[in-house]
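Biologist: Before I look at the coordinates, could we go through this model together, one question at a time?

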Amino acid sequence: MLQSGEWAYTDKLKEHFESPKNILQGNDTSDFDGVGMEGNLQCGDQMMVAIKVEKEKEVISDCKWKTYGCASAIASTSILSEMVKGMTLDQAFNVSPKEVAQELGGLPEHKIHCSVLGDKALRAAINDFYLRNGMIDRVKKVQARTICQCMNVTDHDIEEAVLEGARTFYELQEHTKISTVCGLCKEDAEAELEKYKHLHFGV
Amino acid sequence: MTYRQIYFDHNATTPLHPEVKKEMVSAMEMYGNPSSMHAFGREARANVEDARQRVAAFMGAEESEIVFTGSGSEANNTVLSLFVCGSHQCFSGMRPTILTSRIEHPCVLETSQCLVHRGVDVNYLDVDRYGKVDLDQLEDRLKVGGVGLVSVMMANNEIGTMQDITLISSLAHQYGALMHTDAVQAFGKVPVDVNALGVDFLTVSGHKIYGPKGIGALYVRKSTPYCPFIRGGHQERGRRAGTENTLGIMGLAMAVDMRALEMETEEIRLLGLKEMLRRGIGERIDEALFNGHPVDSLANTLNVSFPGAEGESILLYLDLAGIAVSTGSACASGSLDPSHVLLATGIDAERAHGSIRISLGRDNTVEDVEYLLDVLPGVIERIRNMSTAYIKGGAHASVR
């Protein structure tokens, strides 16, 4: 007979999947101070994060969420919602997917992709709070930077390719066609590749 | 509620039939090499040939037309690779195009993809919303000429849809192409007769019919061009090198014998269970969308989508309740794309991500089905409750 403990995921992840924390009940987010949503159903992952903020201190006092996605998507949004309570907006804005994965005790490599939307949705919620409170100067947009002019490949495309499994420059080219025309961006592209490999996989 | 474990994933693999297990346990004592001339070898040889005769008989073939392989995947690779070899060297008359369908098993699709790099043209036939191959497209493509092989699976592993192989074979032959069918899912579930089907090649596998893993068989019609995929030995009349897997071969033959005894009544029973599931799911869960052909489908296979709920989550919440199913969601597969079969039937990616496959087998009972029907509605409700799918967009513009 199977041993029920032998999951592809860590115990911590299983715990947050079995009993997710802070799910938004219903669809009403009007009580919240900032709401953000990322991903889409066609891709198989979508996350929505809603925050309440103590305005003077700029501290997150509550965080609720909804997620359409797999076990690691559900668990990573759940644990993220626990992590950010009590954080300042600036602290919360800088939570990385790697920290979320670490908090879960690690994720299988092909599952990292499913967990990066939570922090993006959180940043969107924080920006939404700034917008609603007339703090447009505080809105931090992470603009995409074009790395490869020939094939119009941005740093976000590189990040996406890394999350989809690209580890070498050749694999990156297979995913994005980057640097396949003039080749001038190769060094820049390699640096971005290393950056995202390190950011998401610590390698 | 006491903890139960119920297996509803028989299209992935099946438990050994008790008779197969018994046969294999006793066969473990026999270790002779069937190629040896002494008594040890002769005993093994006799058993292998006896098994070959039983497997052949169950599909209306002759013993000499059966090649034992290491798996169904190997048998499929053999047929497709025979073809690439044939187009260049062994059979120079062979025509350089393969026609297959978009819903084949990856061992056919990926091998075909690889053949493209080796100079073969591969065309993929579309299927309709039930998963039936477009026969007009097939004939149109055959008319153009140059097609050397048509390879269409008999029953689909994910949605259970059956193809009209007899008709496809006759069309293929009418235009001078050879015909292969991957019958891994159909064999042992519905009658398979190579002559009624009119195929030149047919693939079967042991572990889908309560036999052992690591054994498959390829039917090769007499005097059909052939070239071994695994070389370096005279075994299987020079058609597949490597010392015979005596244990697996005997297990496969026993599994076939058991299917011959049980298949007919078993399939009627499973069809009853499937209809009970279909009805129960439809009644108890809002917006349950069934995939595949409503009638022309394997009796044991039910594929259903629950929009707003993602398949891997469904699979794992069911797993926590002791129920084993599979899913067409991308997340469970390790890739980022949902089931190519479901997408080929024209449904959208969200519906494919939200699909599960329930595949029944000989151990499943009415009580098992009732348990699933008790558990599943709560699982879907729970997942939908935490899903973003029901939030109407608008105010929350996404900001990167």
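Biologist: In strand 13 of chain B, which residue is the bridge partner of S326(B)?

Modeller: This is a predicted model, and within it strand 12 of chain B is joined to strand 13 (residues 355-359) of chain B by two bridges, the two strands running antiparallel. On strand 13 of chain B, the residue that bridges to S326(B) is R357(B).

Biologist: Which strands stand at the edges of the open sheet in chain B?

Modeller: The open sheet is formed by four strands of chain B in the order 9-10-13-12, with antiparallel pairing. Each edge strand has a single partner strand, so one side of each is left without a neighbour in the sheet, and these are strand 9 (289-291) and strand 12 (326-327) of chain B.

Biologist: At about what angle does helix 9 of chain B run to strand 10 of chain B?

Modeller: Helix 9 (residues 246-284) of chain B lies across strand 9, strand 10 (301-305) and strand 13 of chain B.

Biologist: How are helix 6 and helix 8 of chain A oriented to each other?

Modeller: The axes of helix 6 (residues 155-163) and helix 8 (residues 186-201) of chain A come within 9 Å and cross at roughly 50°. Among the residues making this contact are I158(A) and V162(A) of helix 6 of chain A and L193(A) and Y196(A) of helix 8 of chain A. The crossing of helix 6 and helix 8 of chain A is right-handed, and the two helices are therefore oblique.

Biologist: Which element of chain B gives the most to the side that touches chain A?

Modeller: The contact takes 28 residues from chain B and 35 residues from chain A. On the chain B side, the elements giving two or more residues are helix 10 (311-320), helix 11 (330-333) and helix 13 (349-353) of chain B. With four residues, the element that gives the most is helix 10 of chain B.

Notes:
Residues are numbered from 1 along each chain as its sequence is written. Chains are lettered from A and ligands numbered from 1 in the order in which they are written. This is a predicted model: local features need pLDDT of at least 70, side-chain atom pairs count only at pLDDT 80 or more; totals for chains, interfaces and linings use all residues. Two strands pair if DSSP finds at least two bridges between them. Two residues are in contact if their C-beta atoms, placed from the backbone, lie within 7 Å. Axes are lines fitted to C-alpha atoms, for helices over the stretch in contact, and angles run from 0 to 180 degrees between N-to-C directions. Angles under 35 degrees count as roughly parallel, over 145 as roughly antiparallel, 65 to 115 as roughly perpendicular and the rest as oblique. A crossing is left-handed if the near helix is turned anticlockwise from the far one by less than a right angle, and right-handed if clockwise.
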